Every structure is written in structure tokens, then in C-alpha cells.
Amino acid sequence: MKQGLFDLLGLQDVDNEIDALQKNKSAYPRRAAELRAEMDDLKQDRSAKENQLKQHESGFNHFLQQLNIAEENLKKHQTRLQEIKTNREYDAVQQEIIALEHAIEEYFAEREREDEEVRRLRNLLDEERERFEARIAELESEIADLEEKAATIDGEIARVVEKRKAVAEAVPPRILAVYERVRRGKTNAVVRVSRGACGGCWRSLSPQKLNELRMCNRIIACDGCGRIVVWDDRESAG
Ligand SMILES: [Zn+2]
């Protein structure tokens, strides 16, 4: 009986190992998806800023062109003004010159605004580049790492499941049946006595129970949590 209970502790360890692997197996893809979402957000944010920059660069070029055309036009009008004979014609050209001067002022202001935005966005993108590239590289390597772990975990699980078979075979069927029953819905179905208490729920064990546990004649469950309690005198437990 005593050896059977010790074997049970060993089985528990293997089962915990399997549980941990199964947990990781479902956690890896979830974590990878989270990291991918973060990476997409970062890339989207950056490309949105790059698009804004392109728009303002083309805005800058547009107003620069308009400005050049208007200035060219203004020069032509000013030249024409000197060749005019009649007052009426003079007034008309003068009006056009005033309109062109207004337009030039406006184009100039627009060009300045676009220029400011272009510089602001270029600075921002420059400032953020190093951090962005470092974070992307970090995310890519973390994702690759998780994918590699996810790819090998099935093999690891299979290996531990094989080991479990051998360990379970060593446990007497009667003890194994109790273990399997208690294990349903509980982590650690079998626990050691620790400082006179159940190692699962820390409820104190009566002196009588401790005596029985020491003798190891039968399977003893904790009154508090129902776990199988084992007096493990191989170490300094108890
Ligand atoms: Zn307990």
C-alpha cells in the first residue's frame, strides 16, 4: 500500500506535467494572436502616418505649383499694365493684379501650412522609427518562438503520455481508481501531509488520522477537500 501511494505521488507529477503542457498548447496560439494584433496595430498606425505625409507632400507640391503659376501670371499682368493705353483697360488689369496678389498670399499660406505638416510628420516618423522597428523585430521573434513551441508541443505531450502509461501501470488498480475519481475537477488529487495538515487545503489533520496516515494501511482522504493524503517519509515531509 505504502509503495502504491508513493507511486501515486509520482503519477500526480506526470499528470501535472501533462496538464501544464496542455495549458501551454492552448496558450501559445492565443498569445501569438495577441502579438500579431499588436504588430498589425503598430504597422497600421505607421502606414497611416506615412500616408498623411504623402498627402501633405502632394499638397505642398500642389500649392507650390499654383503659387508659381500665379506669380508668372502676375508678372505678365504687370508687364501688360505698362503697355496699356486706356484707363478702362488699366482698371481691369489692375483688378486682376489685385486678385492675383490675394491668390498668391493664399497659396503661400497654404504652402506654408503643408510644409509645416510635412516637417511635423517627417520628424514624428523619424522619432518613432527606431522604437517601431525594435518592437516589430521583438514581436516577430516572439511569434516565431511561440510557433516553434506550438509545433513541438504535441510531440512533448505524446512523450509524457507514454511515460504516464508506465507510471500508472505501477500503481495498484484499486488505488488508481480512487485517484482518477478524486482527480476529476481537482488539481492535485493526491497531496502530502505537511506540518500535520493536508497539503491541499491546509486543514489540520487529527492525531488519529496522522497515526493512520503514518501506518499507510488504507487510502485516506482529507475531510476538508477530499484529496488523497499521503504520509511521505522519504523526505522531511510532515
Ligand atoms: Zn484537504
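The radius of gyration is taken here over C-alpha atoms, and the rule for a globule is 2.2 Å times the number of residues to the power 0.38. By this rule a compact globule of 238 residues would have a radius of gyration near 18 Å, whereas the chain has 40 Å. The structure is a predicted model, in which local features need pLDDT of at least 70 and side-chain atom pairs count only at pLDDT 80 or more, while totals for chains, interfaces and linings use all residues. Residues are numbered from 1 along each chain as its sequence is written.

Taken along the principal axes, the box filled by the C-alpha atoms of the chain is roughly 130 × 35 × 25 Å. The domain assignment, whose bounds come from an automatic or database source, gives domain 1 (26–169) and domain 2 (175–230), and the C-alpha centres of domain 1 and domain 2 are separated by 65 Å. Of the 238 residues, 14% count as buried, a residue being buried if 20 or more other C-beta atoms lie within 10 Å of its own, exposed if 12 or fewer do, and partly exposed in between, with C-beta atoms placed from the backbone.

The secondary structure consists of four helices and four strands, where helices (H or I, at least four residues) and strands (E, at least two) are DSSP runs numbered from the N terminus. Along the sequence these elements follow the pattern α-α-α-β-β-α-β-β. Among contacts in the chain with a separation of 6 or more, 73% are accounted for by residues 24 or more positions apart, two residues being in contact if their C-beta atoms, placed from the backbone, lie within 7 Å. Glutamine 52, found in helix H1 (residues 2–82), is 69 residues from leucine 121 in sequence, and the C-alpha to C-alpha distance of this pair is 7.8 Å. Glutamine 52 counts as partly exposed because 16 other C-beta atoms lie within 10 Å.

Backbone phi values were also examined. Most residues other than glycine have a negative phi. Arginine 195, although not a glycine, has a positive phi of about 50 degrees; this arginine is found in the loop between strand S1 (190–194) and strand S2 (197–198), and, because it has 10 C-beta neighbours inside 10 Å, arginine 195 counts as exposed. Tryptophan 202, likewise not a glycine, has a positive phi of about 65 degrees and is found in the loop between S2 and helix H4 (207–215). Tryptophan 202 has 13 C-beta neighbours inside 10 Å and therefore counts as partly exposed.
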